[in-house]
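Okay, everyone, thanks for coming.

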Amino acid sequence: MRAAAILGLGCSARDLTPFQTNPTIDWRIGMPAATDSADVILLFGGDGTIHRHLGQMVKLGLPVLVVPVGSGNDFARALGLRRLRDSLAAWRRFCDRQDNLRTIDLGVILALDAGTGGAPAPHYFGSVAGVGLDGEVARRANALPRWVRGHGGYALTLVPTLFRFAPLPMKILAQEESTGWTTCSDQPTILAAFANTSTYGGGMKIAPRGRMDDGQLDVCVIGGIDPFKLACLFPTVYFGRHLGIRGVEYFQAPRARLETQVPLDVYADGEYVCRTPVEVGVQGAALKVITP
């Protein structure tokens with residue numbers, strides 16, 4: 001078997017050592033150029049590292065094992081890979097029996113800027129895409145030292161940003177097979193999150209009903225709530241108890257469209273992607289992953 005290892009920021013060949021106990025496996029470093037260059041990919045890193053490689057991994061169609069050693073590991077957490085030892089156990093089982101493969105959905109973002117010309121290129125994401133407060137917090141958190149980001153950096157950035165961020169006019173439409181595009185939200189909005197997994201930001205359960213294999217986006221919209229109430233709301237997000245709070249809307253759809261009065265930054269998996277307007281959807285069975 002040929003295994004390709006992708007080493008994210010802060011990783012080195014030493015991180016591979018626990019996985020290299022089988023002498024029959026041929027190892028190489030870096031993303032395979034073609035499907036026939038490897039049989040499996042091991043990706044060492046967090047959500048940002050995964051995000052940057054999703055397009056090529058979808059194209060290759062090879063099984064992927066995530067090793068959660070990044071500053072944010074929500075994608076790995078959704079797969080049941082919370083620690084290094086979880087990935088190591090999944091790898092050993094895969095090498096022995098190859099019966100722990102799972103096919104999952106990925107989110108897809110299409111920028112709808114008419115000035116680009118031609119069909120928009122898809123931007124894949126694994127966990128959650130967000131606009132509004134989410135994007136501002138992600139931008140500020142990315143400027144923090146890596147160690148701080150991995151130890152509550154999102155929450156540390158969130159608190160001061162809550163009291164400075166003003167609601168922004170946003171219109172969100174959902175696509176239904178029978179009725180076409182339907183307006184689901186049209187109001188000043190603090191945050192709009194489009195989720196493929198249940199958590200982001202280091203464990204915030206923004207979409208408690210989110211699943212990676214249901215062909216649906218889980219959309220959470222937080223309206224123009226005053227700063228004090230917003231500060232009280234966000235601790236509930238870590239437990240997924242925010243859905244019953246007034247001002248929070250939640251729905252599922254295979255595709256959604258986001259329109260804003262002025263272009264706003266769109267972040268996904270903590271990384272900048274593009275600016276609004278955008279269409280966000282799900283590509284079913286997009287990636288094969290190795291699970292515990």
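**Salt bridges, then a helix**

Let's start with aspartate 74 and arginine 77, whose side chains meet in a salt bridge at 2.6 Å, N to O. By salt bridge I mean a side-chain nitrogen of Lys or Arg within 4 Å of a carboxyl oxygen of Asp or Glu. Both sit in helix H2 (residues 74-78), 3 residues apart, so about one helical turn separates them. Helices here are DSSP runs of H or I, at least four residues, and strands are runs of E, at least two, numbered from the N terminus.

Quick housekeeping: this is a predicted model, where local features need pLDDT of at least 70, side-chain atom pairs count only at pLDDT 80 or more, and totals for chains, interfaces and linings use all residues. Residues are numbered from 1 along each chain as its sequence is written, and side-chain values use heavy atoms, with hydrogens and water left out.

Is aspartate 74 buried or exposed? Buried, at 1% relative accessibility, while arginine 77 is partly exposed at 24%. The cut-offs are under 20% relative accessible area for buried, over 50% for exposed, and partly exposed in between, using a 1.4 Å probe and protein chains only.

Next, arginine 257 and glutamate 279 form a salt bridge at 2.9 Å, N to O. The arginine is in strand S12 (residues 255-260) and the glutamate in strand S15 (residues 278-290), so this pair ties together parts 22 residues apart in sequence. Across the whole structure, the search finds 11 salt bridges.

Last, helix H6 (residues 227-237): Leu230, Leu233, Phe234 and Val237 are buried there.
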